[in-house]
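Hello,

Here is the structure we talked about handing over. Please have it open while you read the notes below.

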Amino acid sequence: MSRSLVRALAVAAVLASAAARAAGDKVGPETCRACHPSAFDAWHASPHARALESLPERSRKDPRCLSCHAPDLDDGLSGVSCESCHGPGRMYAARYVMRDPELSRAVGLADPGEKRCLACHTDSTPSLEKFDYARKLPLIAHGREPAAEPPRPAHRQGEAKPPPVPARPAHPAGR
């Protein structure tokens, strides 16, 4: 099957299911971790991973607070997860989709920027200091490494060793 046909079919599937999309499109951070372990580790160590727990108990059910501190709570995801910023992963999480930057973006992978951060980090949010995107971005920087390859089967004695897996460049725009 040609690459353009696969891309066209993927885009058609997204468009056909767009109206039916709802909860269930999220795959969760553990799915992302399988291929992006250092990005997962950076997220897991960040305040985003614990955003819900950072709220006082009385605010943990307040929709005004949850919209930023746990935007995917209805999908069973606590805090600000990978998909809170990069979009629901069901359509782009497959390895063959993620290997094609154009296809992954066509089916929903978002490259968040300052505008996405400012949706929650506003002048009216409680904070000790004004949000400075350029200063905060390095604190959440991740995804500069190539995605992890799945484990390869070991060779048995007497069999030829499998050829080495060529290094794959990182996704454009840091993904």
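Read along the sequence, the pattern is α-α-α-α-α-α-α-α-α: the protein has nine helices and zero strands. Please keep in mind that this is a predicted model.

Some totals. The protein has 175 residues, of which 29% count as buried. It exposes about 11,500 Å², and carbon and sulfur atoms supply 61% of that area. Taking contacts between residues at least 6 apart in sequence, 59% join residues at least 24 apart.

Now the cysteines. The structure holds one disulfide. The partners are Cys68 and Cys120, with their sulfur atoms 2.4 Å apart. Cys68 sits in helix 4 (residues 63–69), while Cys120 is in the loop between helix 8 (114–118) and helix 9 (133–140), so the bond ties together parts that lie 52 residues apart in sequence. The torsion about the S-S bond is about -95°, which means that the disulfide is left-handed. Cys68 is partly exposed, at a relative accessible area of 21%; Cys120 is also partly exposed, with 21% relative accessibility.

What about Cys82, which is in no disulfide? The nearest cysteine sulfur to that of Cys82 belongs to Cys32 and is 4.0 Å away. A disulfide here requires sulfur atoms within 2.5 Å, so at 4.0 Å the sulfur atoms of Cys32 and Cys82 are too far apart for a bond. Cys82 counts as buried, because its relative accessibility is 16% and the cut-off for buried is under 20%.

Regards

Key. Residues are numbered from 1 along each chain as its sequence is written. This is a predicted model: local features need pLDDT of at least 70, side-chain atom pairs count only at pLDDT 80 or more; totals for chains, interfaces and linings use all residues. Side-chain values use heavy atoms; hydrogens and water are left out. Helices (H or I, at least four residues) and strands (E, at least two) are DSSP runs, numbered from the N terminus. Buried means under 20% relative accessible area, exposed over 50%, partly exposed in between (1.4 Å probe, protein chains only). Contact means heavy atoms within 4.5 Å. Accessible areas come from the Shrake-Rupley method with a 1.4 Å probe; for residues, only the protein chains shown count as cover.
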